[in-house]
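We'll hop from one spot to the next.

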Amino acid sequence: MSHWTIAPIMLLAAAIVTLLIISSRSWLRNGLQKRRMERTIAIQTQCWDSEISAALQQTYINLSVTERSAEWFTTKIVRVDHESADVKSFYLVEASGSPLPRFLPGQHLLIERPLSDGLPTEFRCYSLSDDCQQGYWRISVKKNSASVASVSRWLHEDIDVGDTVRVRGPTGSFYLHSCAQRHIVLLSAGIGVTPLLPMFLETLKRSHASVSFFAQFRDVDHMPFGEFLLNAAHNFPKARIQMWLSEFPRGVKGSSTNVIQEGKYTGSDVCNSIEDLHQTDFYLCGPEAWQIKLKNDLIECGAGEKNIRFELFQESQPPAQLVAERQAAPCSVHFRQSNKLTDFASTYPNLLGFAMESHVPINSGCRTGACGTCAVKLLLGKVRYIRKPQFQLKTNEILPCVCVPDGNIVVDA
Ligand SMILES: Cc1cc2nc3c(=O)[nH]c(=O)nc-3n(C[C@H](O)[C@H](O)[C@H](O)COP(=O)(O)OP(=O)(O)OC[C@H]3O[C@@H](n4cnc5c(N)ncnc54)[C@H](O)[C@@H]3O)c2cc1C
Ligand code: FES
């Protein structure tokens with residue numbers, strides 16, 4: 001055969017081989033992705049009873065809860081309630097009228113405050129605070145400051161019934177892992193009550209061994225959902241509810257049913273009220289120092305560390321040991337898009353704070369590794385995480401709000 005006839009045959013063969021390689025790669029990738037999703041769904045739903053598991057499968061079709069890409073919705077505010085002196089609830093529906101998807105009890109939304117009056121676009125997270133299957137969403141926001149830049153101030157003062165707000169989610173890996181035979185203990189301080197409310201409502205519908213709710217409040221003026229919890233204590237005898245007030249009104253005694261107590265609850269108050277610590281799941285939400293103390297107390301009483309889950313509303317401080325290690329090993333950060341090369345100051349709690357100080361624009365929404373807003377590409381080097389990211393990252397992506405450089409790095413920001 002002459003080389004004139006062999007050449008087209010060889011070209012055809014090469015094309016077929018290339019096609020086979022490409023299709024087998026994508027088949028392998030799809031297959032692996034599918035297996036990974038199935039495995040995650042199986043892990044996440046093994047603790048749910050069949051009804052909720054079926055609902056989850058329908059809602060999220062092929063994607064697992066933490067892996068699905070969070071969607072933006074334009075929502076309309078249809079109701080605003082005052083819950084306490086500094087907390088307002090906002091009820092959100094889809095602007096076009098379609099029902100909003102259900103969420104897992106404990107998850108949160110990312111809210112966008114659009115660019116206005118010279119203020120930049122900002123993002124903040126707010127936990128969903130009502131039943132997870134209503135078709136509407138409710139967030140309950142504490143007014144954090146009177147500063148014009150404050151997003152909670154904007155919600156309290158500039159947003160009302162009829163306004164539209166862009167939100168992304170629901171998302172987050174802090175949610176109720178519901179097993180019928182487990183005891184559920186919900187522990188909150190202040191505005192940390194919000195993600196625990198949907199969890200509480202869910203436990204009332206399911207056949208848990210028991211549910212307890214300990215809520216710490218400052219005083220009677222700062223008791224968001226106090227009335228709801230008081231009513232629940234009377235209407236649902238299966239729920240053990242204790243509300244603790246740091247400052248009790250003068251001349252008033254705690255309720256005879258012990259629903260309202262004076263002072264601050266401790267780990268031993270919680271442990272003493274539980275019969276079987278090994279069969280108990282704890283969910284904590286409140287300030288970081290309070291969480292650390294309570295968690296240590298619970299572990300000391302015999303609670304399993306893996307059964308204690310918690311949500312943080314503010315960025316955490318890095319452990320002193322990490323700061324000392326970084327001081328001993330200085331490193332540089334190259335922000336490639338901004339064309340800035342600087343030494344990383346070990347006093348910065350995380351890479352995001354350092355980027356902001358260096359005037360490198362990176363958006364943020366939670367500063368706790370929960371929302372993914374700050375995700376950027378790491379082009380060179382390594383980082384160390386101060387907190388485990390709750391957000392599913394793509395290859396080479398990092399969350400600057402919860403990491404510090406581990407040696408010299410180049411970042412795509
Ligand atoms: C997962 C999650 C759920 C939350 N759920 C609730 C809830 O249900 N109810 C509620 O009231 N609050 C909740 N928060 C806190 C909320 O997201 C805001 O941090 C809070 O409202 C204060 O925002 P602000 O703009 O009013 O703060 P400001 O008073 O303006 O600022 C407070 C501090 O936050 C810093 N900050 C700046 N940008 C950010 C950012 N992007 N993220 C965080 N801090 C920033 C500021 O530098 C300042 O030091 C939640 C936070 C997280 C992470
Ligand atoms: S700001 Fe939310 S993950 Fe970093």
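Here is a short tour, from the whole chain to a ligand site and then a sheet.

You're looking at a predicted model, so local features need pLDDT of at least 70 and side-chain atom pairs count only at pLDDT 80 or more, while totals for chains, interfaces and linings use all residues. Residues are numbered from 1 along each chain as its sequence is written, with chains lettered from A and ligands numbered from 1 in the order in which they are written.

**Whole chain.** Colour by secondary structure: the protein chain has 9 helices and 19 strands. These are DSSP runs numbered from the N terminus (helices are H or I, at least four residues; strands are E, at least two). Of the 413 residues, 35% are buried, meaning 20 or more other C-beta atoms lie within 10 Å of a residue's own, with C-beta atoms placed from the backbone. Contacts need C-beta atoms within 7 Å; among those between residues at least 6 apart in sequence, 65% join residues at least 24 apart.

**Select 151-158.** That's helix α3, whose buried residues are V151, S152, W154, L155 and H156.

**Select ligand 1.** There are 28 residues around ligand 1, and S145, S150, V151, S152 and C366 come nearest; to be near, a residue's C-beta atom must lie within 6 Å. β4, β5 and α3 each give two or more residues to this shell, and β4 has the largest share with 5 residues. By class, expect 10 nonpolar, 13 polar and 5 charged residues (nonpolar: Ala, Val, Leu, Ile, Met, Phe, Trp, Tyr, Cys and Pro; charged: Asp, Glu, Lys and Arg; polar: the others, Gly among them).

**Show the sheet.** Pick out β10-β9-β8-β7-β11-β12: in that order, 6 strands form an open parallel sheet, where pairing takes at least two DSSP bridges between strands. Which strands stand at the edges? β10 (260-262) and β12 (308-311) do, each with a single partner strand, so one side of each has no neighbour in the sheet. Neighbouring strands are turned by 15° against each other on average, direction ignored.

Zoom in on β9 (239-245), which 3 bridges join to β10. One to click is M243, whose bridge partner in β10 is I260.

Angles run from 0 to 180 degrees between N-to-C directions, using axes fitted to C-alpha atoms, for helices over the stretch in contact. Finish with α7 (288-301), which touches β7 (183-189), β11 (280-285) and β12; its direction makes about 165° with that of β11.

Technical notes. A residue is buried if 20 or more other C-beta atoms lie within 10 Å of its own, exposed if 12 or fewer, and partly exposed in between; C-beta atoms are placed from the backbone. Two residues are in contact if their C-beta atoms, placed from the backbone, lie within 7 Å.
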